[in-house]
Amino acid sequence: MELLAQTCKVLYDKRWLDKMKEFDTLKRHPMIKFDNLYEYFNKVTNFQTNVKNKAQDLVDDDNLFQNLHINIEWLNDDIPFIKKLHMFLKNELLKMTNNTESKWCAATAIITVNSIKGALKGLNLCSRVFKNNVRDMIICVIFAIFSTSDKYQCIFDKISYMECYTCKKLVSNILHMDKLICETCIKTEY
Ligand SMILES: [Zn+2]
């Protein structure tokens, strides 16, 4: 009996450790290296253009939009409109991270789609659900999560790294003076 208990504990610990490892990979975010700011902005602009086009295409499809409209009070992940948006986002994130972080991309796509579902339910509570409203709501949520930095970095800023001209470290908090210099170096030198 005691032996069995010991074996169970070992098994339990192994499962626990495996689970912890899994969480660890999820917790870590991708690091994408860029040589300069131009390269970074190019990639972000490309993402934003794709988001705008996709949101327009989705609302332009009458069947998809009608189905979304009917189900707006209880949006679930099997609704074709939501499904297509989810697949699109996951693919765009894979592109953004050069296909290196599929777990992170999948998890981040889910969080984003959940935010959009919440925003669309909210839209229905306070306004009429028109194609343009839905399109703009989707674009606003995605841009705010990925590409608009305020006091805290947006996701793309957080995962993008460039080499600081002064300290030569790869950093995500680069500021553009005449050269690429990180926030820390700017505080100490200027
Ligand atoms: Zn530096």
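This is a predicted model: local features need pLDDT of at least 70, side-chain atom pairs count only at pLDDT 80 or more; totals for chains, interfaces and linings use all residues.
**Entry 1, the overall run.** I started at the N terminus and read off the elements in order: α-β-α-α-α-α-α-α-β-β-β-β-α. That makes 8 helices and 5 strands in the protein.

I looked up the radius of gyration and got 21 Å, while the globule rule gives 16 Å for 190 residues. The value is well over the rule, so the protein is more spread out than a compact globule. Along the principal axes, the C-alpha trace spans about 70 × 50 × 30 Å.

**Entry 3, the sheet.** Which order do the strands of the open sheet take? I found S1-S2-S3, 3 strands with mixed pairing. The edge strands are S1 (32-33) and S3 (170-171), and each of them pairs on one side only. Next I checked how S1 meets strand S2 (residues 160-163): 2 bridges join them, and the two run parallel. For one partner, I looked up Ile-32, and its bridge partner in S2 is Ser-160.

Helix H4 covers residues 80-96 and helix H5 covers residues 102-126. Their axes come within 9 Å and cross at roughly 140°. Is that oblique or roughly antiparallel? It makes H4 oblique to H5, because only angles over 145 degrees count as roughly antiparallel. The crossing of H4 past H5 is right-handed. On the H4 side I listed Ile-82, Leu-85, His-86, Leu-89, Lys-90, Leu-93 and Leu-94 as making the contact. From H5 come Ser-102, Cys-105, Ala-106, Thr-108, Ala-109, Thr-112, Val-113, Ile-116 and Lys-117. Sorted by class, I get 10 nonpolar, 4 polar and 2 charged residues for this contact.

I then followed H5 to its other listed crossing, with helix H6 (residues 131-146). Here the axes come within 10 Å and cross at roughly 140°. That makes H5 oblique to H6, and the crossing is right-handed. H5 brings Thr-112, Ser-115, Ile-116, Ala-119, Leu-120 and Leu-123 to the contact. H6 brings Asn-133, Val-134, Met-137, Ile-138, Val-141, Ile-142 and Ile-145. How many charged residues are in this contact? I found no charged ones, with 10 nonpolar and 3 polar.

Notes:
Residues are numbered from 1 along each chain as its sequence is written. Two strands pair if DSSP finds at least two bridges between them. Helices (H or I, at least four residues) and strands (E, at least two) are DSSP runs, numbered from the N terminus. Axes are lines fitted to C-alpha atoms, for helices over the stretch in contact, and angles run from 0 to 180 degrees between N-to-C directions. Angles under 35 degrees count as roughly parallel, over 145 as roughly antiparallel, 65 to 115 as roughly perpendicular and the rest as oblique. A crossing is left-handed if the near helix is turned anticlockwise from the far one by less than a right angle, and right-handed if clockwise. Two residues are in contact if their C-beta atoms, placed from the backbone, lie within 7 Å. Ala, Val, Leu, Ile, Met, Phe, Trp, Tyr, Cys and Pro count as nonpolar, Asp, Glu, Lys and Arg as charged, and the others, Gly among them, as polar. The radius of gyration is taken over C-alpha atoms; the globule rule is 2.2 Å times the number of residues to the power 0.38.
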